[in-house]
Amino acid sequence: GMKPGPDSIGIVAVGHGCDGAAARACSLVGMESSRVADVLKDRPGWFCDCRRMEILGAFTTSSGATVELLYSQMYSPTTLTQARDFCTLRYTSVLEDRNLVVCERSLNLGMVPSTEGFVRAEMLSSGYLIRPCGGVGSIVYIVDHMDLEAGRAPEVLRPMYESSAVLAQKMTIAALRHLRSLAQEAAGEVVTGGTLQPAALRALSLRIARSFNDAINSFPEDGWFSVASDGMDDISISINSSWNPRPVGLKCSSSNNLWSDGDGGVLCAKASMLLQNVPPAVLIRFLREHRSEWADCEHDMSCSDTLRTRVYGAAALAGAELGRREVPMPLAHSEHQEIMELVKFEGYDSARDGALVSKEMYLLQLCNGIDETAIGDCAQLVFAPVDGALSDDIPLLPSGFRVIPLDTGFMDGYGLSCTLDLASMIEGGSDMDAAKTETEIASNNLRSIVTIAFQFGYETHNCDSVSVAARKYMRTVVASVQRVAMAIAPRVGSTLGLRNLSGTTEVLTLVKRIVGSYRINFGVDLLRKQPSNNEELFKMVWHHSDAIIYCTCKSLPEFIFANEAALDMLETTSGSLQDLRWDQTLDETEKKNAYSDITKVMQQGFAYLPAGIRLSSMGRPVAYERAMSWSIVDDNESMPCVAFMFINWSF
């Protein structure tokens, strides 16, 4: 259970050990019961992950209850998994005691097949019980219980679909927050910045979040199609030539040239990657507060020149192009750390005659999930270029970042409570900060999946050049995020893990065996210099540039230890290494050769392996120029062991 504080929205409990993921909540809401039911039943009106909900059929029973057949779709939160859809039956009734009940669960009907590109998920018994509570409103009970078919997702991403804490944050708590916001607005308790009313800001927030989901998913039925990859990386490009940012009747400012008047469309560059030991809230807060760390592409002028005409379609370039003064203007700041703001950039641009002219541009920005104590909550920073005058029907072309926690331990109750000065960490930080961080985090390993999507407007004649430039720019953004994550991670987890491992007798013994057996089998030293003590020996192996892996040879080899480079290659962590199966890392060609290689090693003590391909825990191919393998020599070892070293590897 998540116990409420003075300003809590209610009491929330999450399921443990049940089928699928489940959450339950109870709260007092200052709204009348039928109004609560209407709001909650309109799921697309408050749940930004709900793409659509259709009532396929409905009838009223003799007792006045309503029965509805529904078809719903939920976005995928990342580019690496498919979206989910549901076919459900919903029953709404007022009971004899005046309580209002809404029940919903899945039906297995062949007449409503799953749509192409979606995985059919199951909603187990879920719904709402709403009790009238005198003149103060209603007591609302919410139950969400779903089987999201985690087995259809890559193994490393399955916790995202299995976690009850994630379901609680995304749906159950979100529903209560929405009800509370509506009640506060009705009571006149909500104060916003700017001229827009709370309802208009709420609609804008939902629109920008849902448009970002549309970009990540790029559904073909919305007009999106994929562009062939250049094979150099995992960045994908999707194009929508029929997309129009202007709502009907809307006129955009010609002075800002937000959207082209010519033929064209929108192009979306997307990428996802696994990060280790980087709490989502910490990373997103840093990206929001230090835009120059990732938005500046001036060092790559071929990229910048091509995108200069598309700058308003690429919101990330705001700071890089216009210059150097950023003025955030808060629009709304909720109690659960969701921030909506209008960011004004002031600077100068060169006119045709060479003179400097004053110039402004604006971003509408939504940042949520930065409450570090929220268990299982994803964090995201989404922004869209806009004219200075906000309205609830402005065209939106959002880009941004989403970070989703993956580790079960993190979701089951770990919340980071320390506040980090990340700017100083990039520059070095202090030992005191590191000690505090390590104390807070203890021995938790954090894994997160980061999804990045940037949208660019294009015209028909320059689609190819914008595509090339967008892919190139995305590479710089991905590299910047990785650099920032590496600056955060050593303080948050890697340094702690290194210290814990280096102080473990078993691991020190294992590292000595790896180094000593290499010398015996190959006649040369693995390390370039002799370490002065055990800790230095461990650090030299841990930070070795090549990927070193230690396995026991059972019926199938089992991973026991991997250095830092090997964990990066396998896209896993020390805590999750032993859960990774050996055969998962082999492609079809390697499966044919791997066992003969091990047999050869066990017979002659070592082997030189040619260039090949391995697979990471996320299924990504990893190429290496060559590899070496050697048996671990130890008289007391009851089970044969082998070490591998992969040289010059890359994705």
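**Charged and aromatic contacts**

Guide: Asp-525 and Arg-519 form a salt bridge in which the closest N and O atoms are 2.6 Å apart; the term requires a side-chain nitrogen of Lys or Arg within 4 Å of a carboxyl oxygen of Asp or Glu. The model is predicted, so local features need pLDDT of at least 70 and side-chain atom pairs count only at pLDDT 80 or more, while totals for chains, interfaces and linings use all residues. Residues are numbered from 1 along each chain as its sequence is written, and side-chain values use heavy atoms, with hydrogens and water left out.

Asp-525 is partly exposed at 37% relative accessibility, and Arg-519 is partly exposed at 36%. Here buried means under 20% relative accessible area, exposed means over 50%, and partly exposed lies in between (1.4 Å probe, protein chains only).

Searching the whole structure gives 17 salt bridges. One of them joins Asp-49 to Lys-170, with 3.2 Å between the closest N and O atoms. This pair links distant parts of the chain, 121 residues apart: Asp-49 belongs to the loop between α1 (33–41) and β3 (50–60), and Lys-170 to helix α3 (residues 164–186). Helices (H or I, at least four residues) and strands (E, at least two) are DSSP runs, numbered from the N terminus. Asp-49 is buried, at 10% relative accessible area, whereas Lys-170 is partly exposed, at 27%.

Another salt bridge brings together the side chains of Glu-535 and Lys-539, at 3.6 Å from N to O. Both residues lie in helix α14 (residues 534–542), four residues apart, which is about one turn of the helix. Glu-535 is partly exposed at 42%, as is Lys-539 at 36%. A network of salt bridges links Arg-51, Arg-52, Glu-54, Glu-221 and Asp-222.

Turning to the rings, the count comes to 22 aromatic pairs. Rings of Phe, Tyr and Trp (its six-membered ring) pair if their centres lie within 6.5 Å, and planes under 30 degrees apart count as stacked, over 60 as edge-to-face and the rest as tilted. Trp-294 and Phe-454 make a tilted pair, with centres 6.3 Å apart and planes at 55°. Trp-294 lies in helix α6 (residues 292–295) and Phe-454 in strand β19 (residues 447–459), so the pair ties together parts that are 160 residues apart in sequence.

Trp-582 is in the loop between α15 (564–570) and α16 (588–604), while Phe-644 is in strand β25 (residues 641–650), 62 residues away. Both Trp-582 and Phe-644 are buried.

Arg-614 has Val-622 in β24 as its bridge partner. Strands β23 (residues 612–615) and β24 (residues 621–631) pair in the antiparallel sense over four bridges; two strands pair if DSSP finds at least two bridges between them. These strands form a hairpin with five residues between them, and Gly-619 in the turn has a positive phi of about 85°.
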